[in-house]
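Hi,

Here is the structure I promised to pass on. Have a look at it first, and then read my notes below.

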Amino acid sequence: MGEEEGGDPGALFEARALTVRFGGITALEDVSVSIAAGEVLGVIGPNGAGKTTLFNVMCGFTRPHSGTMAWEGRTLTHMRAHRLAGMGIARTLQGVGLFGELTVLENVVAGAERFRRTGLVSAVLGLPRADRDERQLRERALAALAELGCEDVAGRHPTTLPFPIQKRVALARALVAEPRLLLLDEPAGGLGADDLGDLTERIRALRGTTAVMLVEHRMDLVMSVCDRIVVLDFGSVIAEGPPAAIGRDPRVLEAYLGQEPGSGDSRGASAPGETQGASAPGGAAA
Amino acid sequence: MSAIAARARVGRARIGELTLARGLLLALVAAAALFVASELLSSFADLELAEGLYFFCVLAGLTVLTGLSGQISLGHGALMAVGAYGAALLIGEQHWALVPALAAATAITAVVGLLLGAAATRLRGPYLAGATLAFAVGLPALADKYSSTFGGENGLVVNPPNPPSGLGSSLPLERWEAWIAGAGAVIVLFTLHNLVRSGYGRAMRAVRDDEIAASLCGLRVARVQTLAFVVSAACAGLAGGLLTVVLQLASPGAFQLSLSLSLLTAIVLGGLGSLVGAAWGAAVLVLLPSWTRDIANSFSLSTKVSSNMPLAIYGLVLVVAMLAWPSGIQGGVRAGGARLRALVRSRRGG
């Protein structure tokens, strides 16, 4: 980690040596993460490890004290949230973050904002081309809702819908922007087994076309969809690799279970139940 | 039967989807209704109509700001003062014609709104209320401070607008004033109707509901909020300019803090976020004080009681109205309409 001159040329997005401090607390320390186009990357770690802080830096909500980011090889010192959608980055929020007083359709149309072509003058004068523009956005939104099987609730208000449906609408709002990188912040939170299976399929279907960065506590989901996993603990990357290797990594087990890495016996004992054990702290958090 | 009804609904929806057609139709109907009303009403009632129309302008802008973009302003009375003094100076001192003077007053107020709006994007809730309150309290004092320009306590007097000679000499001044104010109100109605229906209206509501989610959708939260402020300030400026034309006077007494407060009351009472609600609010602002005065005078009470009676009745009306219609008069009308429709449907079904 640290000095990476030019970084990884093949990476779609790259964070280089990010450090974030809140007062005396270091939330991220020298964190470097990269994701390739079409890759599904899991970001896991115990509570307070810095996962959401990493997302917030990537979205421009938190400014890093040091470090840079690169999008498609171009270096950016900081991100701006409202620019992400235009760049091709979409993010879902923990919880749902839907607009409560807008209909489901309007919520998703808002997500398609980057495809709007007409400006204020057309809007104020009510010109037909502003209408055509709106119709085009609405068609995109309806298609995104249909893709997720939510077109029948297009006219409803999100607060009247069951939580798993709200989560789907939030995903539709992110996907309608046709992102090249999708940041999912705990997409499985509050979902039952059926909906989780559906989400798993959904993420798998994105692989190859849309890069997905997944912050998630549900280990079953992370292990089954991710190409690669980055493990954060106390603001630092402690492990990185394919799911199978991460599941066996003693440092990861230590971070989750608080065991001494040296005590070989207990490590061996916990190995068969590793995914189960690892999901326990996450379960308590969700 | 139901198939025909369905087809009719589709047809209607198709015409209704054209924002321009809807907006023009709305403006035309409003203009025709105002024309007929002004012809039927007495001179005094025409003056009240003109007052209601400039109040509609400022209330429509304020309801977009507060109802749609979720920002509160206690400073709209002061923004009206900017427009009023601007129009008074341009018409009275510079001898500008009516339309360019009103357009300039609107533009000047929009610029003030831009500054206020830029500050407002950094403030939330009570802090924004406080900042706009300071604006409302402080601005009228400028009239005293620079009394050579703004005429001090007496304000600026302008000549009454001359009706074009083509309309005949019999046209009462009040009716002509009502037409001028009506033209302003129809323009405001048309533009705001289009804006509210457009992507910008949706952007304002999205920003109001969740700023973080809105920015992730690619919306520039501060810009959307400032836009709402500028639009609503422009409406307030036009309203102020029209006030000068209608009353032939711009004086600090007309733009006290109480004006800003009653504007906010009126949009809440009318139905927050609704342009029709703004019209209700304007009617309340104009008619309620004179009604309460009439009611107070109809009882032969001592002057001490009767002079306080209008205020008491006003308060009572507000409390009762908000209890009866928590989402404003327009909310009540909508709920009533829905109930009526349900009743008709159940009758037809049975």
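How far apart should the ends of helix α3 (residues 43-68) of chain B be, and what does the model give? Keep in mind that this is a predicted model. At 1.5 Å a residue, the 26 residues of the helix should span 38 Å, and the C-alpha atoms at its ends lie 36 Å apart, so the two agree.

I stayed with α3(B) for a while. Most of this helix is covered, with 22 of its 26 residues buried. Just after α3(B) comes Gly70(B), which has a positive phi of about 75°.

Then there is the way α3(B) packs on helix α12 (residues 257-270) of chain B. Their axes come within 10 Å and cross at roughly 75°. Angles of 65 to 115 degrees count as roughly perpendicular, so α3(B) is roughly perpendicular to α12(B). On the α3(B) side, the residues that meet α12(B) are Val58(B), Leu59(B), Leu62(B), Thr63(B) and Thr66(B). Their partners in α12(B) are Leu263(B), Ala266(B), Ile267(B) and Gly270(B). By class, this contact has 6 nonpolar and 3 polar residues, and no charged ones.

Now for the two chains together. In the model, 24 residues of chain B are in contact with 30 residues of chain A. On the chain B side, the elements that give two or more residues are α2 (19-40), α8 (173-197), α9 (199-209) and α10 (211-216). The most come from α9(B), which gives 6 residues. The side of chain B that touches chain A is made up of 10 nonpolar, 8 polar and 6 charged residues.

Over to you!

How values were computed. Residues are numbered from 1 along each chain as its sequence is written. Chains are lettered from A and ligands numbered from 1 in the order in which they are written. This is a predicted model: local features need pLDDT of at least 70, side-chain atom pairs count only at pLDDT 80 or more; totals for chains, interfaces and linings use all residues. Two residues are in contact if their C-beta atoms, placed from the backbone, lie within 7 Å. Helices (H or I, at least four residues) and strands (E, at least two) are DSSP runs, numbered from the N terminus. Ala, Val, Leu, Ile, Met, Phe, Trp, Tyr, Cys and Pro count as nonpolar, Asp, Glu, Lys and Arg as charged, and the others, Gly among them, as polar. The expected span of a helix is 1.5 Å times one less than its number of residues. A residue is buried if 20 or more other C-beta atoms lie within 10 Å of its own, exposed if 12 or fewer, and partly exposed in between; C-beta atoms are placed from the backbone. Axes are lines fitted to C-alpha atoms, for helices over the stretch in contact, and angles run from 0 to 180 degrees between N-to-C directions. Angles under 35 degrees count as roughly parallel, over 145 as roughly antiparallel, 65 to 115 as roughly perpendicular and the rest as oblique.
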